[in-house]
Amino acid sequence: MSAVSANPAVTDAVEVDQPILVVDDVADNCRIVSRRLELRGFEVLSATSGQAVLEAMQQRLGDATPPVIMLTARDAPEEIARAIELGASDYVTKPFDFRVLEARIRAHLKRARNTGDLRLRTTELEAHLQSLSDRQRLDPLTGLENIRAFEAAVSRSLAQARSS
């Protein structure tokens, strides 16, 4: 689903490929925010306990949690710190400006997508590097280890012997 908005004022469209979870203990607030996000092109799920959602995400996903933006009336520093420690990416206090909330959502989605792209690219590069390393130490005709592999093995053995 695309996050391209019907509002022509929005120029920084981010492709939305995962739903957004809106959590609020006040059902009306949850409905209002969810509806406004849906009108902006987001797929929205909802829940009523932010603390429970963060704890469940941390247990299930560990470090791979998606971006979480807390939208709450609670503004005590210890609550903000606790939410961030549990995995919240951002923290917005009520009352809030919807344009700011949407901008933060889009920024976090873009960052998450870029991070995923970088992880994928890093994996590809590591595999390519391993392939190059294998080519460097293997004879292309026979597939057997060549002189470079022999020299590397000797160097490792000498270093091990010196450290013993």
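**Reading a predicted fold, feature by feature**

Student: What share of the contacts in the protein chain with a separation of 6 or more comes from residues 24 or more positions apart?
Tutor: Contact means heavy atoms within 4.5 Å. Here, residues 24 or more positions apart account for 51% of those contacts. This is a predicted model: local features need pLDDT of at least 70, side-chain atom pairs count only at pLDDT 80 or more, and totals for chains, interfaces and linings use all residues. Residues are numbered from 1 along each chain as its sequence is written, and side-chain values use heavy atoms, with hydrogens and water left out.

Student: How many helices and strands does the protein chain have?
Tutor: Helices (H or I, at least four residues) and strands (E, at least two) are DSSP runs, numbered from the N terminus. The count is five helices and four strands. Read from the N terminus, the order is β-α-β-α-β-α-β-α-α.

Student: How much of the protein chain counts as buried?
Tutor: Buried means under 20% relative accessible area, exposed over 50%, partly exposed in between (1.4 Å probe, protein chains only). Of the 164 residues, 23% are buried.

Student: Which residues have the most contacts inside the largest nonpolar core?
Tutor: In soluble globular proteins, nonpolar side chains tend to be buried together. A nonpolar core is a set of buried Ala, Val, Leu, Ile, Met, Phe, Trp, Tyr and Cys residues joined through side-chain atoms within 4.5 Å. The largest one holds 13 residues, and I20, V22, V33, L37, F42, L101 and I105 have the most contacts inside it. At least two residues come from each of β1, α1 and α4. Helix α4 gives the largest share, four residues. Another core, of five residues, lies apart from it and includes M70, A83, A88 and Y91.

Student: Where is L37, and what does it touch?
Tutor: Look in helix α1. L37 counts as buried because its relative accessibility is 1%. Leaving out residues up to four places away in sequence, L37 touches I20, V22, F42, V44, F98 and I105. L37 and E102 are 65 residues apart along the chain, yet their C-alpha atoms are separated by 7.7 Å.

Student: At what angle do α1 and α4 cross?
Tutor: Axes are lines fitted to C-alpha atoms, for helices over the stretch in contact, and angles run from 0 to 180 degrees between N-to-C directions. The axes of α1 (residues 27–39) and α4 (residues 98–137) cross at roughly 65 degrees and come within 12 Å. V33, R36 and L37 on the α1 side meet F98, L101 and I105 on the α4 side. By class, that contact has five nonpolar, no polar and one charged residues. Ala, Val, Leu, Ile, Met, Phe, Trp, Tyr, Cys and Pro count as nonpolar, Asp, Glu, Lys and Arg as charged, and the others, Gly among them, as polar.

Student: Which residues of α4 are buried?
Tutor: An α-helix has 3.6 residues a turn, so residues three or four places apart point the same way. In α4, F98, L101, E102, I105, R106, H108 and L109 are buried. Their cover includes β1 (20–23), α1, β3 (69–72) and β4 (90–93).

Student: Where is the cis peptide bond?
Tutor: Most peptide bonds are trans. The bond joining K94 and P95 is cis, with omega about -5 degrees. P95 sits in the loop between β4 and α4.

Student: Is A88 buried or exposed?
Tutor: A88 counts as buried because its relative accessibility is 7%. A88 lies in the loop between α3 (77–85) and β4. From A88 to P67 is 21 residues in sequence, but 6.9 Å in space, C-alpha to C-alpha.

Student: Where is E151 found?
Tutor: E151 is in helix α5 (residues 147–163). E151 counts as partly exposed, because its relative accessibility is 46%. The C-alpha atoms of E151 and R137 are separated by 9.7 Å.
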